[in-house]
Amino acid sequence: MKKTLSAAGPDATPDSYVSALRGWRRDCVETLRAAVRSAATLDEAIKWGHLVYFARGPVLLIRAEEERVLFGFWRGQRLRLIEPRLKPGGKFEMATLEIGKGMIVDAFTARRLAAKAVALNKALGDPTKATLRD
């Protein structure tokens, strides 16, 4: 895993995570965060050193690294019709969009992804506890 940019220690809050960022990464994270928070009711926390959003289990993450920002979804493989740049990988049905300097993810798409991800958790439950029949 690449190095994250924030100093997300044990006392970190989502606000402190964002305020520790600079430049395009901060702009990107602020845009994604605002879109996600306007899409659905989610619990926001710092977990595993980055922003993680929960609704009946983990839904999505936003992680700032040195040269990219990751926008990942626990059931992201089911969201590729909304955003084809999502790359499958990891456990569960994880898929992540790697955002580099100059790349654009519009707020409308980010809201659609977040809303659909929340709806999937509502319908299917916690993705970390899903069975193979899902």
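The model, which is predicted, contains two aromatic pairs. One is formed by W48 and W74 and is tilted. This pair links distant parts of the chain: W48 sits in the loop between β1 (43-47) and β2, and W74 in the loop between β4 and β5 (87-88), 26 residues apart. The other joins F71 and F73, and it is edge-to-face because the planes meet at 65 degrees, where over 60 is required.

| Pair | Centre to centre | Angle between planes | Class |
|---|---|---|---|
| W48 and W74 | 6.0 Å | 35 degrees | tilted |
| F71 and F73 | 4.8 Å | 65 degrees | edge-to-face |

W48 counts as exposed, at 53% relative accessibility, whereas W74 is buried at 6%. F71 is buried with a relative accessible area of 0%, and F73 is buried with 0%. K47 lies over the face of W48, 5.0 Å from the ring centre.

The largest nonpolar core has 33 residues, and L32, L60, I62, V69 and F71 touch the most other members. Elements that each supply at least two residues of this core include α1 (14-19), α2 (23-39), β3 (58-64), β4 (69-73) and α3 (107-124). Another core, of five residues, lies apart from it; V52, L61, L70 and W74 are among them. Leaving out residues up to four places away in sequence, I62 touches Y17, V29, L32, R33, H50, L51, Y53, V69, L70 and F71.

In α2, the buried residues are W24, R25, C28, V29, L32, R33, A35 and V36. Seen down the helix axis, the buried residues of α2 fall within an arc of 165 degrees, so they line one face. The end C-alpha atoms of α2 are 25 Å apart, which agrees with the 24 Å that its 17 residues should span at 1.5 Å a residue.

Key: Residues are numbered from 1 along each chain as its sequence is written. This is a predicted model: local features need pLDDT of at least 70, side-chain atom pairs count only at pLDDT 80 or more; totals for chains, interfaces and linings use all residues. Side-chain values use heavy atoms; hydrogens and water are left out. A nonpolar core is a set of buried Ala, Val, Leu, Ile, Met, Phe, Trp, Tyr and Cys residues joined through side-chain atoms within 4.5 Å. Buried means under 20% relative accessible area, exposed over 50%, partly exposed in between (1.4 Å probe, protein chains only). Helices (H or I, at least four residues) and strands (E, at least two) are DSSP runs, numbered from the N terminus. Contact means heavy atoms within 4.5 Å. The expected span of a helix is 1.5 Å times one less than its number of residues. The arc is that of the directions from the helix axis to the C-beta atoms. Rings of Phe, Tyr and Trp (its six-membered ring) pair if their centres lie within 6.5 Å; planes under 30 degrees apart count as stacked, over 60 as edge-to-face and the rest as tilted. A charge sits over a ring if NZ of Lys or CZ of Arg is within 6 Å of the ring centre and within 35 degrees of the ring normal.
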